[in-house]
Amino acid sequence: MNEHQRHVKARQDIMKGNTPEKRIFVHMEDLDEKKKRQDEVKLERERRNARMDVLKDAKTPWFCPECDKVMKKRLDNKMYRLYNHCMDCQVKFENKLRIDGKFEEWEEQKVLNNQLSYINDQIQSIEDWKDQTSKPFEVFDQVGIKDIELETEKWSDNKEQIEEMSKEALEELNKMKTEVEEKLNSFAI
Ligand SMILES: [Zn+2]
C-alpha cells in the first residue's frame with residue numbers, strides 16, 4: 001500500500017466510523033545522533049561568532065603595540081581592529097609597501113581575502129539551509145491524518161527543488177572559491 005492508498009483507506013475507515021491505522025513521522029536518521037550533530041554545528045558556530053565578537057569588541061589598548069604611541073583617535077581604534085596597530089603604523093606600513101612596489105599586490109590580496117570569506121559564508125548558509133529544509137523522514141504510527149498528508153506533500157515538493165537550487169548555487173560558489181584561491185595562491189611567497 002502506498003502513501004496515497006493509506007490515506008484513502010484511513011478516510012474510508014473514518015467515514016465508516018472505524019479507527020484508522022495510526023502512524024507518525026519519525027526522522028530516518030537516529031534522532032539522538034542527529035541532535036548531537038546539530039548541537040555540535042551550533043556550538044562551533046557560536047564559538048566562531050564569539051571569536052568574531054571578541055575581535056570586534058576587543059578594547060583598543062591605550063598604547064599601540066608596535067610603536068607604543070598613545071592611541072585615542074577613532075581612526076586608531078579602527079586601524080587597531082583591522083591591523084593590530086595604530087593609524088600611523090598603518091600609514092608607515094602602506095608607504096613601505098608602496099616603496100617596495102608591493103602595495104597593489106597587498107590591496108589585491110586584501111580584496112581577495114574578503115571575497116573568500118564572503119564566499120565561504122554563502123556556502124555555509126546554503127549548507128545550513130539545505131540541512132534545515134530537506135530533513136528526510138519516514139512514516140510510522142500516526143498522530144493526525146491531515147498533518148501527514150501536508151507534511152508528505154511539502155517534503156516531496158520541496159526536496160527536488162531544494163536539491164537543484166542548492167546544487168546550482170554551490171557549484172557556482174565553489175567555482176568562484178577556486179578562482180579566488182588560485183589568485184591568492186599566486187601571491188604566496
Ligand atoms: Zn603605532
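Here is a chat about the predicted model shown above.

Biologist: Before we dig in, what kind of model is this, and how are residues numbered?
Modeller: It's a predicted model, where local features need pLDDT of at least 70, side-chain atom pairs count only at pLDDT 80 or more, and totals for chains, interfaces and linings use all residues. Residues are numbered from 1 along each chain as its sequence is written.

Biologist: What pattern does that give along the sequence?
Modeller: Reading along the protein chain, you get α-β-α-α-α-α-β-α.

Biologist: And how much of the chain is buried?
Modeller: Buried residues are 6% of the 189 residues. A residue is buried if 20 or more other C-beta atoms lie within 10 Å of its own, exposed if 12 or fewer, and partly exposed in between, with C-beta atoms placed from the backbone.

Biologist: Which residues make up the largest nonpolar core?
Modeller: There are 6 residues in that core: Cys64, Met71, Met79, Tyr80, Cys86 and Cys89. A nonpolar core here is a set of buried Ala, Val, Leu, Ile, Met, Phe, Trp, Tyr and Cys residues joined through C-beta atoms within 7 Å.

Biologist: Let's take Met71. What does Met71 touch?
Modeller: Leaving out residues up to four places away in sequence, Met71 touches Thr60, Pro61, Trp62, Phe63, Cys64, Asp76, Tyr80 and Cys86. Contact means that the C-beta atoms of two residues, placed from the backbone, lie within 7 Å.

Biologist: And Met79, where is that one?
Modeller: Met79 sits in helix 3. Met79 counts as buried because it has 22 C-beta neighbours inside 10 Å. Beyond four places in sequence, Met79 is in contact with His85, Cys86, Met87 and Gln90.

Biologist: Which residues of helix 3 are buried?
Modeller: In helix 3, residues 74-83, the buried ones are Asp76, Met79 and Tyr80. Down the helix axis they fall within an arc of 105 degrees, so they line one face of helix 3. That arc is taken over the directions from the helix axis to the C-beta atoms.

Biologist: What do those buried residues pack against, and what's on the face turned away?
Modeller: They pack against helix 4, residues 87-99. The face turned away from the buried side carries the exposed residues Arg74 and Leu82.

Biologist: How far does helix 4 reach?
Modeller: Helix 4 has 13 residues and reaches 18 Å from its first C-alpha to its last, close to the expected 18 Å. The expected span is 1.5 Å times one less than the number of residues. Gly101 follows helix 4, and its phi is positive, near 70 degrees.

Biologist: Which residue follows helix 3?
Modeller: That's Asn84, with a positive phi near 65 degrees. Asn84 lies in the loop between helix 3 and helix 4, and is partly exposed, with 15 other C-beta atoms within 10 Å.

Biologist: New topic: where is Leu173 found?
Modeller: Leu173 is in helix 6, residues 145-185. With 17 C-beta neighbours inside 10 Å, Leu173 counts as partly exposed.

Biologist: What does Leu173 touch?
Modeller: Ile119, Gln122 and Ile123, not counting residues up to four places away in sequence. Leu173 and Ile119 are 54 residues apart along the chain, with their C-alpha atoms separated by 6.4 Å.

Note on methods:
Helix = DSSP H or I, 4+ residues; strand = E, 2+ residues; numbered from the N terminus.
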